[in-house]
Amino acid sequence: MKPPARQRGYAEDPSLAATSVPMITADLFRDPSDRPAPIRLGDGATLLPGFARDRATALLAALEEVLRQAPLRRMRTPGGHVMTVATSCCGDRGWTSDADGYRYSALDPASGRPWPPMPEVFAALATAAAAAAGYPAFAADTCLINRYGDGAKLSPHQDRDERDLSHPIVSLSLGLPARFQFGDPHRRERLLRTTLEHGDVVVWGGASRLAYHGVLPLAAGRHPMTGDCRYNLSFRRAG
Ligand code: SIN
Ligand code: FE2
């Protein structure tokens, strides 16, 4: 009997063959014909609406396991403010902030232990979404987890603590919708605003790698999969 024809997926780009992408990638993040087209947010920046929606259950289960090992905490900025967003990390290193500044560290400062390993479903999503946005062969080595409760926000900033800025940022939204601001590398003002929904992925690199971006205060609500919050998982290559 002939095997059923496989749908062509976002992740089946042949240029990925040379990378260590887990085998599951191709089947996980398919491109169903009803998925909305990618939306350009800037030069090198793309919103992939609903890219991860079909895998949200697996992603949230993996997230729960990571957070069991490295619980969410509210970090202090170098300026002395406590962030309204609660964070954690997984992967080879994790992004941290304290009075001394922002950096990546191999150990979770809260426990003194290494960060939890990056779940395979996270790595697969990051690689597949990057490829769909024009960045083949992206392999994340860290994931920053942000949890937004009612009113939590992130002021416009650049992601610039990674060593090699030729790798893109891959940013996944789960749960409640958020108003996302996105601009260019040169100014914090006049950012475009778009709503990020459950399962959306934004990828920015190239000329937009240092684009300012932020999140407006989260509106209260309830989501069937995350309750009263939104998660943002941002995948980076930091080392
Ligand atoms: C971030 O900039 O780290 C998070 C962006 C988001 O929550 O969408
Ligand atoms: Fe950021």
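**Figure 1. Strand β13 gives the most residues, three, to the shell around ligand 1.** This is a predicted model, in which local features need pLDDT of at least 70, side-chain atom pairs count only at pLDDT 80 or more, and totals for chains, interfaces and linings use all residues. Residues are numbered from 1 along each chain as its sequence is written, chains are lettered from A and ligands numbered from 1 in written order, and side-chain values use heavy atoms, without hydrogens and water. Strands are DSSP runs (E, at least two residues), numbered from the N terminus. At least two shell residues come from each of β6 (142-148), β7 (154-157), β12 (213-215) and β13 (230-236).

**Figure 2. Ten residues make up the shell: Asn146, Tyr148, Leu154, His157, Phe180, His213, Val215, Arg230, Asn232 and Arg236.** A shell residue has a heavy atom within 4 Å of the ligand. Four are nonpolar, four polar and two charged. Nonpolar means Ala, Val, Leu, Ile, Met, Phe, Trp, Tyr, Cys and Pro; charged means Asp, Glu, Lys and Arg; the others, Gly among them, are polar.

Figure 3. Arg230 places a side-chain N or O atom 2.8 Å from a ligand oxygen. For His157 the distance is 3.1 Å. For Asn232 it is 3.2 Å. Protein covers 98% of the 260 Å² accessible area that ligand 1 has on its own (Shrake-Rupley, 1.4 Å probe).

**Figure 4. Ligand 1 sits in the largest pocket.** More than half of its atoms lie within 2 Å of the pocket's grid points. A pocket is an open set of points on a 1 Å grid over the protein atoms alone, where a 1.4 Å probe fits, with protein on both sides within 12 Å along at least five of seven lines; lining residues have an atom within 4 Å of a point. The lining counts 32 residues, with Met83, Tyr102, Leu154, Ser155 and His157 nearest the centre.

Conventions. A polar contact is a pair of N or O atoms within 3.5 Å; within protein, one must be able to donate a hydrogen and the other to accept it, and residues adjacent in sequence count only if both atoms are side-chain atoms. Helices (H or I, at least four residues) and strands (E, at least two) are DSSP runs, numbered from the N terminus.
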